[in-house]
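Please look through the sequence and the model shown here, beginning with the fold as a whole and then turning to its parts.

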Amino acid sequence: MIERSDRTPLPRDFFDRPVLEVAPDLLGRTLTRLTDDGPIELRITEVEAYAGEADPGSHAFRGRTARNEVMFGPPGHAYVYFTYGMWHCLNVVCGPEGKASGVLLRAGEVRVGAELTRKRRFSARHDKELAKGPARLATALDVDRALNGADFCLGPAAPLSLLPGCRPSPDQVRNGPRTGVGGEGAFHPWRFWIYGDPTVSPYRAHVPRRRGRSAT
């Protein structure tokens with residue numbers, strides 16, 4: 001592992017790169033969340049890349065909308081969306097301004113503020129499950145649409161920040177199909193994770209939703 005104790009946020013040009021470069025480079029980075037109750041920090045262990053208008057799996061595939069507007073803005077900002085009528089998910093906008101792409105933060109290891117996340121993730125059986133999956137991660141960090149557009153590059157005093165962290169060695173990084181993505185984007189190997197880390201979420205293939213039946 002590459003140890004970094006630097007508390008300076010990752011610079012804007014870190015995010016101003018192709019999404020398939022940024023996504024694996026986010027593994028091991030430190031995500032900080034400053035809440036009203038105190039700070040939370042986690043080490044990112046799993047992500048997914050979404051290539052905007054070139055990617056059938058992306059929210060931006062059909063162009064700019066009110067929902068995905070932030071994805072077309074400057075890199076290094078948060079794109080937060082609401083899904084299934086109950087969950088939020090946190091993404092990092094990357095690539096040049098005007099070309100939408102982003103990285104979904106799927107899982108992480110809570111290293112600071114676990115006691116704060118347990119209050120929101122009371123169903124977690126142990127701390128490895130606090131941020132094991134994108135909805136769980138957002139819930140644990142108290143992330144909702146109010147943080148849509150937040151800047152990751154301002155530093156630890158900001159609501160959200162990304163710090164250099166502790167990166168895995170190259171042989172620890174794996175990639176494969178994205179979880180729950182169907183259609184033409186189903187087989188893009190754009191999910192990246194730290195191999196063997198217990199906080200990584202299980203892979204699930206896309207299951208078409210049937211009318212008249214609730215999703216499980």
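The paragraphs below treat the overall fold, one hairpin and the salt bridges.

This is a predicted model, in which local features need pLDDT of at least 70 and side-chain atom pairs count only at pLDDT 80 or more, while totals for chains, interfaces and linings use all residues. Residues are numbered from 1 along each chain as its sequence is written, and side-chain values use heavy atoms, with hydrogens and water left out.

The chain contains four helices and eight strands; these are DSSP runs numbered from the N terminus, helices being H or I with at least four residues and strands E with at least two. Starting at the N terminus, the order of elements is α-α-β-β-β-β-β-α-α-β-β-β. The chain has a radius of gyration of 16 Å, close to the 17 Å given by the globule rule for 216 residues, so it is as compact as a globular protein of that length. That radius is taken over C-alpha atoms, and the rule is 2.2 Å times the number of residues to the power 0.38. Of the 216 residues, 52% count as buried, where buried means under 20% relative accessible area, exposed over 50%, and partly exposed in between (1.4 Å probe, protein chains only).

Strand 3 is largely enclosed by the rest of the structure, because five of its six residues are buried. Strand 3 runs antiparallel to strand 4, and six bridges join them; strands pair if DSSP finds at least two bridges between them. Val-80 has Leu-90 in strand 4 as its bridge partner. Tyr-84 lies in the loop between strand 3 (78-83) and strand 4 (87-93). In this hairpin, with three residues between the strands, Tyr-84 adopts a positive phi near 55 degrees. Tyr-84 counts as exposed because its relative accessibility is 56%.

The structure holds 15 salt bridges, each a side-chain nitrogen of Lys or Arg within 4 Å of a carboxyl oxygen of Asp or Glu. Side chains of opposite charge can pair when their charged atoms come close. Glu-129 is buried, at 7% relative accessible area, whereas Arg-125 is exposed, at 70%. Salt bridges with shared partners also join Arg-17, Asp-25, Arg-29 and Arg-167 into one network. Within it, the closest N and O atoms of Asp-25 and Arg-17 are 2.9 Å apart. Asp-25 is buried, with a relative accessible area of 13%, and Arg-17 is partly exposed at 21%.
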